[in-house]
Amino acid sequence: MFAPWKIALILAMAVAVFGYGYEHHDYHSHPSYKFEYGVKDPHTGDHKSAWEHRDGDVVKGSYTLEEADGTHRVVEYSSDKHNGFQAHVKRVGHAHHPEVYGHHEGGHSYGGHGHGKASSYTKLDQHH
C-alpha cells in the first residue's frame, strides 16, 4: 500500500510530465522539470521532504523521512541512459526505543487526530 505522500508525489510527477488536462505534446522535445515538497507536523512527528530535477534523460532527486525510532532515512537517486537507476540509502542518527508504548502519565492514552498545527509546502517548476 502506498503512503499518502507517495501518492501525492506520483500525482505531482504526473502533472509535471503530462500536464493537467489535454494538450498537444511534442515527443521529441527536451523534458525538463523541478519539484520539491515537505511536511513538518510537530503533533504527529511526521517530518519528510523530497525534491527531483529532470533535464532531458537525466533525473536526480532525494527524499528524507523521519523513522519511528528517531533516525532519518535519506535516499538520493539518479537515473540516466549510461548508469540506469542508482539509489543510495543512508540512515542518520541513533535509534531510540521507549521502554513502554501507549502509556501516558495519569493513565490516559491519547489517540486523537486533527489537533495541533502542521505545515507543509510544495513547489513545482515546469520548464518547456
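Is Glu 36 buried, partly exposed or exposed? I looked this up before anything else. Glu 36 is partly exposed, with a relative accessible area of 31%; buried means under 20%, exposed over 50% and partly exposed in between, with a 1.4 Å probe and protein chains only.

**Ground rules.** I noted that this is a predicted model, in which local features need pLDDT of at least 70 and side-chain atom pairs count only at pLDDT 80 or more, while totals for chains, interfaces and linings use all residues. Residues are numbered from 1 along each chain as its sequence is written, and side-chain values use heavy atoms, with hydrogens and water left out.

**Confidence.** I checked pLDDT, the predictor's confidence in each residue from 0 to 100. The protein has a mean of 77, and 56% of its residues reach 70 or more. Confidence is lowest in helix α1 (residues 4-18), at a mean of 57, and highest in strand β4 (residues 72-80), at 96. Over residues 108-112 the pLDDT stays under 50, and I noted 6 contacts beyond four places in sequence for that stretch; contact means heavy atoms within 4.5 Å. Where pLDDT is low, the predicted coordinates should not be read in detail.

**Layout.** I found 1 helix and 6 strands, in the order α-β-β-β-β-β-β along the sequence. These are DSSP runs numbered from the N terminus, with helices (H or I) of at least four residues and strands (E) of at least two. Of the 128 residues, 18% count as buried.

I took two strands as paired if DSSP finds at least two bridges between them. Strands β2 (residues 46-55) and β3 (residues 58-66) pair in the antiparallel sense over 8 bridges. Lys 48 has Leu 65 in β3 as its bridge partner. The β2-β3 hairpin has 2 residues between its strands, and Gly 56 in the turn has a positive phi of about 70 degrees. β3 and β4 are also antiparallel, over 8 bridges, and Thr 64 is bridged to Val 74 in β4. That hairpin has 5 residues between its strands, with Gly 70 in the turn at a positive phi of about 95 degrees.

**Strand β1.** I returned to Glu 36, which is found in strand β1 (residues 32-41). Its C-alpha atom is 4.0 Å from that of Trp 51, 15 residues apart along the chain.

**Aromatic pairs.** Rings of Phe, Tyr and Trp (its six-membered ring) pair if their centres lie within 6.5 Å; planes under 30 degrees apart count as stacked, over 60 as edge-to-face and the rest as tilted. By this rule I have 2 aromatic pairs. One of them, Tyr 33 with Phe 35, is stacked, at 6.3 Å centre to centre and 15 degrees between the planes. Tyr 33 and Phe 35 are both buried.
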